[in-house]
Amino acid sequence: MSDVKTYPIPQNFQDAHINKETYDVMYARSINEPEAFYREQAEQFLTFERAPDAICSWDLSKGEASWFAGGKLNVTVNCIDRHLPARAQQTAIIWEGDDPAVDKHITYAELHEQVCRLANVLRARGVKKGDRVCIYMPMIPEAAYAMLACARVGAVHSVVFGGFSPDALKDRILDSDCRVLITADEGVRGGKSVALKANADKALAACPNTHTCLVVKRTGGAIQWDASRDVWYHDAVAEVPAECEPEPMDAEDPLFILYTSGSTGKPKGVLHTTAGYLLHTAMSFKYTFDYREGEVYWCTADVGWVTGHSYIVYGPLCNGATTLMFEGVPTYPDASRCWQVVDKHKVNTFYTAPTAIRALMGAGNEYVTRASRQSLRILGTVGEPINPEAWEWYFHTVGEGRCPIVDTWWQTETGGHMLTPLPGATATKPGSATLPFFGVQPVLLDGEGREIEGAGEGSLAIKASWPSQIRSVYGDHQRMLDTYFSTFKGYYFTGDGARRDADGYYWITGRVDDVLNVSGHRMGTAEIESALVLHDLVAESAVVGYPHDIKGQGIYCYVTLMAGTEPTDALKKELVALCTKEIGPIAKPDIIQWAPGLPKTRSGKIMRRILRKIAANELDTLGDTSTLADPSVVDELIENRANR
Ligand code: 6R9
C-alpha cells in the first residue's frame with residue numbers, strides 16, 4: 001500500500017459542536033454509562049409526551065433491544081410542531097425540481113398543514129395506528145408529507161423506491177399487507193417521465209387488499225383511473241381540516257419498514273421503531289454534519305433508500321433544519337448541476353454517494369469550477385467504500401481543500417451513522433470511515449468469532465445495542481435473528497469486512513463476500529479498484545474474483561475509461577503495472593475487460609454478483625437483472641468479454 005495521508009482537522013472547525021476532547025469524553029461515557037448518556041441526549045433532542053420508565057436494555061444474543069421503554073411521543077411533533085413557535089416561517093424543505101428553473105420553499109408552518117391534512121385523509125380512509133401504508137413516489141415534497149402523515153397517525157410506512165418495477169412493488173405491498181398506496185401520476189428525472197401510476201396499476205392488480213390509491217398530480221400526463229380505488233391527492237387534502245391530533249406512540253412502536261436486499265432470498269422488510277431511531281438520526285445529523293442554525297443541508301439520496309429516510313427527512317427535521325430535496329439527477333442538464341444547485345440555494349453541506357462522485361470526476365473539472373461553491377462547509381459520502389482517488393478529488397476539486405469530508409459507514413439495518421468522522425473532532429484519512437459514532441462499539445472478529453485486538457482485519461460486528469438498531473424483519477423475526485445475530489453469538493453482524501489501523505481507524509473492505517483470496521492472500525476488491533482509478537484515464541472500475549487453477553482465485557477487473565479514451569493494450573499494461581506498484585505483485589490483475597458501463601442497482605451499488613458470473617463465464621446463471629438501473633449494460637459486458 002502506498003503511504004496513507006492524514007488530513008488534520010481544519011482550523012475553522014475549532015468551534016464545532018464536537019471537538020477532539022468532547023468526542024473522547026462523550027464517546028467513553030456513551031459506552032461506559034449508556035443510561036446516563038442517553039438520558040441526557042434524549043432530553044436534548046426529543047420531546048416526550050410521557051417520560052420513559054427506562055433508558056435502554058438489550059440482549060444481542062437474542063437479538064433484543066429496547067430503548068426508552070414506557071415513553072410516549074409522536075415523531076411529527078418532534079419534527080414539526082415543536083419547532084413552530086420559533087420557526088413557523090423558516091424553510092423546512094427546499095425543493096429543487098428536475099427542471100433547473102423550478103423550485104419551491106416549504107416553511108415549517110406549511111409542512112405542518114400539509115402533513116396534518118394528509119394525516120386526516122389517511123384517518124378518514126380508515127388508517128389506524130399500526131396499519132401499513134406504501135409510498136411509491138418521485139422526489140417531490142409530497143413524499144416527505146406522506147412519510148410524516150403516516151407517522152402522525154401511527155401508521156407504518158413502507159417507501160418503495162420509484163425506480164422499482166411493478167413486480168417489485170407488488171411483492172413489497174403484499175409482504176407487509178399495505179392497504180393504502182400513495183403515488184403520483186408520473187415522476188420526472190433527467191428530463192424523462194417515469195410512469196409511476198401505470199406501474200402502480202399493474203402492481204395493484206395483484207393486491208386485492210389495497211383499497212385506496214392516493215395519486216399526486218405531478219405532470220398531468222394521461223393515466224388510467226379506477227374510481228373505486230383511486231383518489232386525487234389534491235382533492236382529498238382540500239376537503240379535510242388543516243389540524244390533526246398526533247397519535248401518541250410508544251417508544252418501541254414501529255415507525256417504518258424499508259425493504260433491503262441481502263445476499264440471498266427475497267428482500268427483507270427491515271423494521272425500525274420510534275424513539276431510538278429518531279434519537280440516533282437526530283444526534284448523528286447534528287454532530288456528523290456539525291449542523292448550525294440557519295444552514296442549508298442537501299443529501300442527494302432518494303427517499304426510497306434509508307439515507308433518504310434518516311438524512312433527508314427525520315434527522316434534519318428533528319433538528320429544525322432546512323433540508324433540500326432534489327427531484328433530478330446529478331448529470332442533468334449537465335454534470336455541473338449539483339454545483340449549480342449548491343450556488344443557487346447556498347448549500348452548506350452536501351452529502352452524496354461515491355458512485356456519483358466518480359461519475360462527476362469522470363466528466364471533468366470544468367463542470368465543477370464553473371460554480372463558485374463558496375457556501376460549502378462540509379462534504380459527505382455514503383453507500384460504498386470511497387476510493388482515495390475519488391476522495392481526494394472531492395476534497396481538493398469540489399471542496400477546494402477547505403471542507404472536511406465525512407465518510408459515513410452505516411446500513412439500512414443500523415438506521416443511522418455508525419462509523420464516521422466528526423468535522424471538528426476527527427482527522428481524516430482518504431478511504432477510511434474513521435471512528436465509531438457515540439454509543440457504537442465496533443469489533444473485528446476472526447474466523448472463529450474471536451475479537452481481534454489492535455490493528456488487524458476481520459468481520460465487522462457490533463458489540464452492544466445502539467438506539468436505531470433494526471428491531472425485526474417484518475413478518476419474519478427469525479430471519480432477522482438468522483441473518484444478523486446468529487453468525488457471531490452476542491453480536492450484530494454487519495456482513496462487511498473491515499481493517500483497523502494502528503490509530504484505531506476503520507477501513508471498510510467491502511461485503512465479506514467480496515473478499516478475494518488470491519494465492520492465500522486476502523484482499524478487498526476495493527483496494528484494487530482504488531489502485532485502478534488512480535490512473536488519469538480511468539473513470540471507474542469493479543473487481544471480482546474468478547476461479548483460477550493455480551491461485552484459487554484470479555483477479556478480474558472491469559474498467560470504465562474516461563469519456564473519449566482509446567482502449568489499448570498498452571493502457572492495459574499500464575494498469576497492471578499500477579496495481580503491482582500500488583498494492584504489490586499479489587494484486588496484479590489477471591484479466592482487464594473494458595466496460596463502457598457497470599451493472600448498478602438503482603441506488604448506485606455495483607452488483608458484483610453479476611460481474612462474478614460474467615467473469616466465471618457462467619452466463620446461463622446470471623440471475624435476476626431486473627433490479628438494475630440499466631439492464632442493457634449486462635449484454636454489452638457479455639459481448640465485450642469475447643474480445644477482452
Ligand atoms: C447507508 C447505506 C449498506 C452497505 C454496507 C456497506 C456499504 C455504506 C459505506 C459503505 C464503505 C461507507 N456502505 N456506507 N461501505 N464505506 N461509507 O448505504 O445502507 O443501502 O443498507 O447499504 O453499504 O457494504 O453494508 P444500505
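Which residues of α16 are buried? They are Arg479, Met480, Leu481 and Tyr484, within a helix that covers residues 477–484. Here, buried means under 20% relative accessible area, exposed means over 50%, and partly exposed is in between (1.4 Å probe, protein chains only). Packing rests on contact, which means heavy atoms within 4.5 Å. Helices (H or I, at least four residues) and strands (E, at least two) are DSSP runs, numbered from the N terminus.

A word on the model before going on. It is predicted, so local features need pLDDT of at least 70 and side-chain atom pairs count only at pLDDT 80 or more, while totals for chains, interfaces and linings use all residues. Residues are numbered from 1 along each chain as its sequence is written, and side-chain values use heavy atoms, with hydrogens and water left out.

## The whole protein

Stepping back, the protein has 20 helices and 30 strands. Its radius of gyration is 24 Å, close to the 26 Å that the globule rule gives for 644 residues, so the protein is as compact as a globular protein of that length. That radius is taken over C-alpha atoms, and the rule is 2.2 Å times the number of residues to the power 0.38. Along the principal axes, the C-alpha atoms fill a box of roughly 70 × 60 × 50 Å.

Of the 644 residues, 61% are buried. Among contacts with a separation of 6 or more, 71% are between residues 24 or more positions apart. The protein exposes about 23700 Å², and carbon and sulfur atoms supply 50% of that area; accessible areas come from the Shrake-Rupley method with a 1.4 Å probe, and for residues only the protein chains shown count as cover. As for charge, the mean positions of the 63 positive and 81 negative charges are 1 Å apart. Lys and Arg count as positive and Asp and Glu as negative, while His and the chain ends are not counted. The place of a charge is NZ of Lys, CZ of Arg, CG of Asp or CD of Glu.

## Two regions from the record

UniProt, in an unreviewed entry, lists residues 23–79 as "domain: Acetyl-coenzyme A synthetase N-terminal". Over this stretch the chain is 47% helix and 18% strand, and the end C-alpha atoms are 26 Å apart. UniProt also lists residues 527–605 as "domain: AMP-binding enzyme C-terminal", again in an unreviewed entry. Over residues 527–605 the chain is 25% helix and 32% strand, with its end C-alpha atoms 16 Å apart. UniProt positions are given in the numbering used here, feature names are shortened, and annotations may be inferred rather than shown by experiment.

Now look for Thr580, in helix α18 (residues 569–582). Thr580 counts as partly exposed because its relative accessibility is 28%. Not counting residues up to four places away in sequence, Thr580 touches Pro585 and Lys588.

Is Val406 buried or exposed? Val406 is buried, with a relative accessible area of 1%, and its place is in strand β20. Leaving out residues up to four places away in sequence, Val406 touches Thr288, Phe289, Ile378, Leu379, Gly380, Thr381, Thr420, Pro421 and Pro423.

Pro423 also turns up beside Pro10, which is in contact with Pro404 and Pro423 when neighbours within four places in sequence are set aside. Pro10 is found in the segment before α1 (20–32). Pro10 and Gly424 are 414 residues apart in sequence, and their C-alpha atoms are 7.5 Å apart in space.

## Backbone details in the loops

In the loop between β17 (322–326) and α12 (337–345) you will find Pro333, and the peptide bond from Tyr332 to Pro333 is cis, with omega near -5°.

Asp177 lies in the loop between α7 (166–175) and β8 (180–184). Its phi is near 50°, a positive value in a residue other than glycine, and at 24% relative accessibility Asp177 counts as partly exposed. Glu400 sits in the loop between α15 (388–398) and β20 (405–408). Phi of Glu400 is near 50°, also a positive value in a residue other than glycine, and Glu400 is partly exposed, with a relative accessible area of 40%.
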